[in-house]
Amino acid sequence: MIIVIRIIANSLFNSVGNIMELKTFKHGIHPEYYKELTQDLATVPMPLPKQIIIPLQQHIGVPCQPAVQVKDEVRVGDIVGNSEAFVSSPVHTSMSGVVKKVEPYPHPGGAMVNSVIIEANEQDQSFPPKKEQREAASYSAEDIRTAVRKAGLVGLGGAGFPTHVKLTPPKDKPIDTVVINAAECEPYLTSDHRMILEQPEEVIYGTQLIMKAVGAKKGYIGIEANKPNALEILRPLLSAADQIELLALEVKYPQGAEKMLIKAAVNREVPAGGLPMDVGVNVNNVTGAVAVAKAVRDGLPVLERIVTVTGKGIREPKNVLVRVGTPIKEVIEFCGGFTPSARKIILGGPMMGIAQTTLDVPVIKATGGILILTDEEISELKPHTCIHCGKCVHACPMGLIPSKLGALVERELYEKLPEYNVNDCMECGCCVYVCPAKRPMVHWIKVGKAVLRSRKK
Ligand code: SF4
Ligand code: SF4
């Protein structure tokens, strides 16, 4: 009996009733997910804001220079910031209006970032209509990369790496496999899940285009098993000719991290300090795949995105379709405002999201969630001395010794950090989550990496 229950817990029934084994990786954690707050709520569009703030850096790489001046009139989709650098990505206005200011403004990353502030006017605020869909194979790889760059696509799962760079692998790193990350393993977040349910055809089309761009013959879409309806809606849309397979993944954090996903999907290990292309794989987020479909077919930039607004600190949790540049204050008001015990605002999920100190920051291309936590959800425990329980070592998906890394930073022994592979840490937070002494390892590791970077300069 126990054996049968275990098999079911580690597997999922496919559409014809067979058991599919769930793919995964070693270590990791099983936090509470709280996805029930929003997973069944269809996305609702938000009314247009009166003013938007478009930061000139929403990506990893060279910041954009302003392409507009104060008093310029702009129309939906116009470029308002650009750069000639390869590792950069243009930014567009998500609304028609008039440029009021170009000045530093609070950014979700925590710094002040030069931004274009646009006030809406009476002009047309609609997006260009959907164009007729061509076969993905009819585009050249260069067509796809050019459209993606022009549309300003960046990793929409959080990191913000320019997509056209990712779709340009060096010649000596051939790519045979594309993996679409639809795991959405961060607790609370459901925006990727809603995207699959509401735009499944775009998910498949975007995956086909990415495969064409990098020359991959095989594609996988990895979805955690706690989203069976997402697997079900995609399955009938796939044909054998697509060479795309659905992967049911074990529900475990951080299943969506690139290295973990690659291990689960194709059983390859990205070497320490390496990238997915070192093992012939290209990984893209599912919302990013949909954005690729719209950029290539319709020439549509990332002008809006689904944002999960959730947590016990918000009165009406929702999945909201928000124009990029909308201040988060307005998104929170649209969701009924804070509950009396609301205490902490995080952009992203609770494990890797960034805590905010002001409600003025705008939704940017990579904002997938606004999480409002309450007093009861925030642990007030102060860090204690390490009790050498080893739980952090067991949880670390990268095989590191988080307790040691933390202790080295605490004692300012930064030069010893590389011996313990500090740069392999992806700051996933598993170690902190399991630590009974509440030791802030991720904070220490970030400090240690920053010190090493500054010493290299
Ligand atoms: S050391 Fe880094 S990679 Fe390992 S669990 Fe902690 S945060 Fe994650
Ligand atoms: S989990 Fe915390 S207390 Fe246990 S070994 Fe790691 S740092 Fe020390």
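**Ligand shells and backbone features of the predicted model**

Cys425 is placed in the loop between helix H11 (402-410) and H12. The structure described here is a predicted model. With a relative accessibility of 12%, Cys425 counts as buried, because the limit for a buried residue is under 20%. When residues up to four places away in sequence are set aside, Cys425 touches Leu400, Ile445 and Lys449.

The loop between H11 and H12 also holds Cys428. This residue counts as buried as well, at 8% relative accessibility. Apart from residues up to four places away in sequence, the contacts of Cys428 are Tyr253, Pro254, Met351, Met352 and Pro397.

Both cysteines belong to a set recorded in UniProt. Under "binding site", an unreviewed UniProt entry lists Cys396, Cys425, Cys428 and Cys431. These four residues span 36 residues in sequence, yet no two of their C-alpha atoms are more than 10.7 Å apart, so they gather at one spot. From this set, Cys396, Cys425, Cys428 and Cys431 take part in the lining of the largest cavity.

The largest cavity is the space taken by ligand 1. Around this ligand there are 13 residues, of which Cys396, Cys425, Cys428, Gly429 and Cys431 come nearest. By class, the shell of ligand 1 consists of 11 nonpolar residues, 1 polar residue and 1 charged residue. Two helices, H12 (430-434) and H13 (441-456), each supply at least two residues of this shell.

A second ligand has its own set of neighbours. Ligand 2 is surrounded by Cys386, Ile387, His388, Cys389, Gly390, Cys392, Ser403, Cys435, Pro436, Arg439 and Met441. Divided by class, the shell around ligand 2 has 7 nonpolar, 3 polar and 1 charged residues.

The backbone was examined next. Most residues other than glycine have a negative phi, and most peptide bonds are trans. Against this background, the bond joining Tyr253 and Pro254 is a cis peptide bond, with omega at about -5 degrees. Pro254 lies in the loop between strand E13 (244-249) and helix H7 (258-266). Both Tyr253 and Pro254 are among the residues that Cys428 touches.

Lys438, a residue other than glycine, has a phi near 55 degrees. Its place is the loop between H12 and H13, the two helices that each supply at least two residues to the shell of ligand 1. Lys438 is partly exposed, with a relative accessible area of 31%.

Glu184 is not a glycine either, although its phi is positive at about 45 degrees. This residue is found in the loop between strand E11 (177-181) and helix H4 (191-198).

Thr163 is part of helix H3, residues 163-166. Leaving out residues up to four places away in sequence, Thr163 touches Val148, Leu153, Val154, Gly155, Asn284 and Val292.

Definitions and conventions: Residues numbered from 1 in each chain as written. Chains lettered and ligands numbered in written order. Predicted model: local features only at pLDDT ≥ 70, side-chain atom pairs only at ≥ 80, totals over all residues. Heavy atoms only, no water. Near = heavy atom within 4 Å. 1 Å grid on protein atoms, 1.4 Å probe; cavity = no way out; pocket = protein on both sides within 12 Å on 5 of 7 lines; lining within 4 Å. Sits in = over half its atoms within 2 Å of the grid points. Helix = DSSP H or I, 4+ residues; strand = E, 2+ residues; numbered from the N terminus. Nonpolar A, V, L, I, M, F, W, Y, C, P; charged D, E, K, R; others polar. Buried < 20%, exposed > 50% of the residue type's maximum accessible area, 1.4 Å probe, protein only. UniProt positions renumbered as here; feature names shortened; annotations may be inferred. Contact = heavy atoms within 4.5 Å.
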